[in-house]
Amino acid sequence: MRGWGALRGLLIVVTTLVTACCLSVVKASPAGATPSTGFSVDFTTANGPLASGFARDSGSSYSSSRGYGWQTISGAGADMTQETRARTVDTWSRWQGLIVTRDLATNAESVWQRDVANGLWTVTVGVGDSEYVDSSFHTVRLEGKTVMDRWPSTQAKWQNQVTAQVTVTDGKLTVDAIGGQTTKFSWITAALSTNAPVATSPALIGWHYKPPTDGSTAAALAARYGRFTLSGTDEPFRDAVVLAGGPQPLLYMQTLAIQDPGSTTAQPWRNQTANQPGDFAAISRDHPDWFQLDSAGNRLHMDRATDNFFMMDPGNSGWRAFALSRLKDYYVTNGWKGGVMLDNIELNLNKRDRVGNIPAKYTTTTAYTAAIEGMLAYFYNNWAKGASIPLTASMIEWNYDDADLATRARYSQYLSGMQHECFGTTWSSGSWLLPDRWLMDLRRVEEATARGDSVILFSQGDRTDTTRQQFAYASYLLAWAPGVSFRYHKTSTHYTEDWWYSDYDLKLGTPTGARYQSGSAWKRSFTHGTVTVDPVAHTSTITVT
């Protein structure tokens with residue numbers, strides 16, 4: 001993270017919203033009054049320092065006479081006074097007080113509401129703690145839309161702020177941290193901008209795996225792409241992306257297979273946990289039980305019988321400990337901060353069967369996925385949970401059934417997100433998913449986001465096939481939710497090329513409801529347009545009003 005600068009924090013510009021200007025602090029409205037132009041609230045203890053021009057919020061339940069306060073998610077009053085804090089380290093008074101947004105005794109998240117006039121509001125929320133480092137993952141949602149997505153504050157005693165615009169239609173501005181972890185609100189300011197809605201693009205486009213090979217710069221990609229996944233040795237490009245204002249990338253890492261590089265002095269592939277010269281030989285000699293074996297006692301290859309990657313046993317405690325130790329070491333030593341992408345997390349035995357490598361120890365999908373789930377739980381409980389490290393899994397070998405959804409839900413207990421590398425389309429141009437399978441792809445996304453997971457989607461196709469590209473993008477919009485990113489590309493061969501399409505910039509605004517069926521097509525309405533996809537005819541339209 002950047003150090004303290006003149007602005008005392010990093011201002012996040014939300015990619016799915018447009019902020020016309022910086023927000024000026026406005027005077028607090030009298031108690032019980034509905035503000036006509038804006039308000040400023042300082043979250044602090046009952047007797048703690050109060051920023052000039054701010055109203056005090058010390059965690060009391062919402063009351064209509066005061067016009068603001070805390071509620072449970074279900075709408076009942078919530079007394080959060082015990083979760084307020086006053087710090088003395090920071091000299092800027094608005095940062096000295098804070099409130100933890102969840103009841104630490106019951107672990108229940110609470111919601112803050114303020115009576116306001118309907119219209120378009122520009123809102124700034126400050127989060128963080130100037131005095132204590134802990135496992136906070138700060139999330140800010142305005143009117144149910146995520147504007148700060150699990151920002152970690154584990155590197156230093158740190159504060160941050162986010163500014164976004166949101167339209168209020170029910171007379172109440174609702175702010176919460178649902179999806180975060182021990183989020184701490186420090187202050188909030190808001191101003192009524194206009195009664196006219198602002199049209200924006202909902203697209204969150206992701207860049208994944210390696211730096212560009214087509215001449216694109218880190219600054220150019222940081223301006224376009226809202227999510228990045230990079231891999232070992234990409235640290236210079238990672239730092240350039242962050243310096244240009246991009247998000248902290250995920251670290252791509254393979255934890256279910258290791259490479260035989262051919263000699264004890266050769267450098268193995270770095271994007272795996274056995275990434276030091278001599279690792280494969282040492283593990284083969286000292287820990288042969290870490291490898292998965294077939295019924296004949298042969299080691300299982302990852303993709304084919306001739307490759308030099310071998311499958312490791314996710315249920316072996318020794319392998320779990322080694323893999324996590326190496327993962328932690330690489331992540332910390334090389335300065336990664338955005339989380340980890342665990343690649344090739346299998347959902348069943350399909351791939352093992354296809355390459356002729358059924359493990360003797362796990363002859364059923366139930367047994368195999370239980371072992372993988374146990375490995376994910378080990379990573380989460382012994383590192384990610386305590387260190388606030390988001391773990392995302394690239395889940396492979398999916399089926400189009402409810403059992404697939406159930407396995408994802410089990411894995412999700414220990415993850416912050418999932419990746420699906422062939423969404424809404426098949427792997428090959430010219431072929432299409434059957435309508436029921438296309439619909440299952442949407443359900444995967446919707447069930448994941450309902451759990452609070454982030455989602456990374458790829459759709460496959462040729463660069464010039466704009467009909468297929470729009471079909472895939474429109475399908476993404478049908479399932480869109482905050483935290484869901486999208487990319488249209490042609491397998492990993494072209495992932496390092498900047499394919500940008502004009503429909504990403506269409507100003508659709510935000511969804512006004514869920515998708516709905518109309519004949520053989522599915523539709524979704526946005527504040528400034530409509531999206532229609534027909535999975536039978538393989539057609540789509542994106543209409544901007």
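# Helix packing, a pocket and a cavity

Trainee: Is the crossing of H8 and H9 left-handed or right-handed?
Mentor: This is a predicted model, so read the crossing as a property of the prediction. The crossing of H8 and H9 is right-handed.

Trainee: Which residues of H8 and H9 make the contact?
Mentor: H8 brings Trp438, Leu442, Val445 and Glu446 to the contact. From H9 come Phe471, Ser475, Leu478 and Ala479.

Trainee: Is H8 parallel or oblique to H9?
Mentor: H8 packs on H9, residues 466-479, with the axes 9 Å apart. The angle is about 45 degrees. Roughly parallel would need an angle under 35 degrees. H8 is therefore oblique to H9.

Trainee: In which hand of crossing does H7 pass H8?
Mentor: Take the pair of H7 and H8 again, with axes within 11 Å. H7 passes H8 in a crossing that is right-handed.

Trainee: H6 next. At roughly how many degrees do the axes of H6 and H7 cross?
Mentor: The axes of H6 and H7 come within 9 Å. Their crossing angle makes H6 roughly parallel to H7. The crossing is right-handed. The angle is roughly 25 degrees.

Trainee: Which residues in H7 meet H6?
Mentor: On the H6 side are Thr369, Ala370, Ile372, Glu373 and Leu376. By class, the contact of H6 with H7 has 4 nonpolar, 2 polar and 2 charged residues. The H7 residues are Thr407, Arg410 and Tyr411.

Trainee: On to the open spaces. Of the residues that line the second largest pocket, which are the closest to its centre?
Mentor: The second largest pocket has a volume of about 940 Å³. Its lining counts 41 residues. The closest to the centre are Ile178, Gly179, Arg451, Gly452 and Asp453.

Trainee: Which element gives the largest share of the lining of the second largest pocket?
Mentor: Four elements each supply at least two residues: S10 (137-142), S11 (145-152), H6 (365-387) and H8. The largest share is 4 residues. The element is S11.

Trainee: How many residues of the lining of the second largest pocket are polar?
Mentor: The lining includes 14 nonpolar and 11 charged residues. The polar residues number 16.

Trainee: What volume has the second largest cavity?
Mentor: The count comes to 2 cavities of 30 Å³ or more. The second largest cavity has a volume of about 40 Å³.

Trainee: Which helix and strand each supply at least two residues of the lining of the second largest cavity?
Mentor: The lining includes Asn344, Glu346, Lys351 and Arg352. Among the others are Gln254, Met302 and Ile396. By class, the lining has 4 nonpolar, 2 polar and 3 charged residues. The elements are S20 (340-346) and H5 (350-354).

Conventions
Residues numbered from 1 in each chain as written. Predicted model: local features only at pLDDT ≥ 70, side-chain atom pairs only at ≥ 80, totals over all residues. Heavy atoms only, no water. Axes fitted to C-alpha atoms, helices over the stretch in contact; angles between N-to-C directions. Left-handed = near helix turned anticlockwise from the far one by under 90°. 1 Å grid on protein atoms, 1.4 Å probe; cavity = no way out; pocket = protein on both sides within 12 Å on 5 of 7 lines; lining within 4 Å. Points joined across faces, edges and corners; volume = space filled by probe spheres on them. Nonpolar A, V, L, I, M, F, W, Y, C, P; charged D, E, K, R; others polar. Parallel < 35°, antiparallel > 145°, perpendicular 65-115°, else oblique. Contact = heavy atoms within 4.5 Å.
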